[in-house]
Amino acid sequence: PTEAENGILTYTCSVCGNTKQEEIEYVVELKVPVVSISAIRAASSKIKLTATFEDYENADEYFEEYKHGILYITSSRLGTRTLTVNTSGKTNISFTDFSDNGQFSYTMKPVTRYTTYVVRSYVQYINADGELEYVYSDPIRIKYSSLS
């Protein structure tokens, strides 16, 4: 088989020379999504978070996306834990769609200009076994006063 077409397996009898054929289905090797996040200073003392599903133009080559979103928490509440969907005290903003370039964004109002946040984005997808899995961006630490 190729990446797009079924193949044929041919058996040949070593005694009589008769042949038998079986079709071999092709298997598409699906990719795991990759997501990133960035932050910029927005109007009215807000922070704009933009997440990107990398290689979105080839999304049909990836496992089926189930949902996606942005997570954030103040760094003082995070401590040494990793920020995930299951982290207590976090804010989770989920989205239903991507823009044409695979992005989704959220504008937040920080508690103060100096409050530090840990932020990351995620994509939840359905793996080959039909189970839901998460992929997270690398976390970033931000505060309004240090953004340009």
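This is a predicted model: local features need pLDDT of at least 70, side-chain atom pairs count only at pLDDT 80 or more; totals for chains, interfaces and linings use all residues.

Colleague: What makes the charged end of arginine 41 count as sitting over the ring of tyrosine 144?

Modeller: The charged end of arginine 41 is 4.5 Å from the centre of that ring, and the term requires a distance within 6 Å together with a position within 35 degrees of the ring normal.

Colleague: Why is tyrosine 11 called partly exposed?

Modeller: Its relative accessibility is 40%. Buried means under 20% and exposed means over 50%, so a value in between is called partly exposed. Tyrosine 11 belongs to strand S1, residues 7-12.

Colleague: Which residues make the nonpolar surface patch, and why may tyrosine 11 be a member?

Modeller: Leu9, Tyr11 and Ile24 make the patch, of about 230 Å². Members need over 30% relative accessible area, and tyrosine 11 has 40%.

Colleague: How many aromatic pairs are there in the whole structure?

Modeller: The search finds twelve. In one of them, tyrosine 56 and phenylalanine 98 lie 5.0 Å apart, centre to centre, with 45° between the planes.

Colleague: Why is the pair of tyrosine 56 and phenylalanine 98 called tilted?

Modeller: Planes under 30 degrees apart would be stacked and planes over 60 edge-to-face, so the rest, including an angle of 45°, are tilted. Tyrosine 56 is in the loop between strands S4 (46-53) and S5 (64-74), and phenylalanine 98 is in the loop between strands S6 (91-95) and S7 (103-108), so the pair ties together parts 42 residues apart in sequence.

Colleague: Which residues touch the most other members of the largest nonpolar core?

Modeller: Of its 21 residues, these are Ile47, Leu49, Ile70, Tyr72, Phe104, Val119 and Ile142. Strands S3 (35-42), S4, S5, S6, S7 and S8 (117-126) each supply at least two residues of this core, and S4 gives the largest share, four residues.

Conventions
Residues are numbered from 1 along each chain as its sequence is written. Side-chain values use heavy atoms; hydrogens and water are left out. Patches are made of residues with over 30% relative accessible area and no salt bridge: like charges are joined within 9 Å, nonpolar side chains (Val, Leu, Ile, Met, Phe, Trp, Tyr) within 5 Å. Accessible areas come from the Shrake-Rupley method with a 1.4 Å probe; for residues, only the protein chains shown count as cover. A salt bridge is a side-chain nitrogen of Lys or Arg within 4 Å of a carboxyl oxygen of Asp or Glu. Buried means under 20% relative accessible area, exposed over 50%, partly exposed in between (1.4 Å probe, protein chains only). Rings of Phe, Tyr and Trp (its six-membered ring) pair if their centres lie within 6.5 Å; planes under 30 degrees apart count as stacked, over 60 as edge-to-face and the rest as tilted. A nonpolar core is a set of buried Ala, Val, Leu, Ile, Met, Phe, Trp, Tyr and Cys residues joined through side-chain atoms within 4.5 Å.
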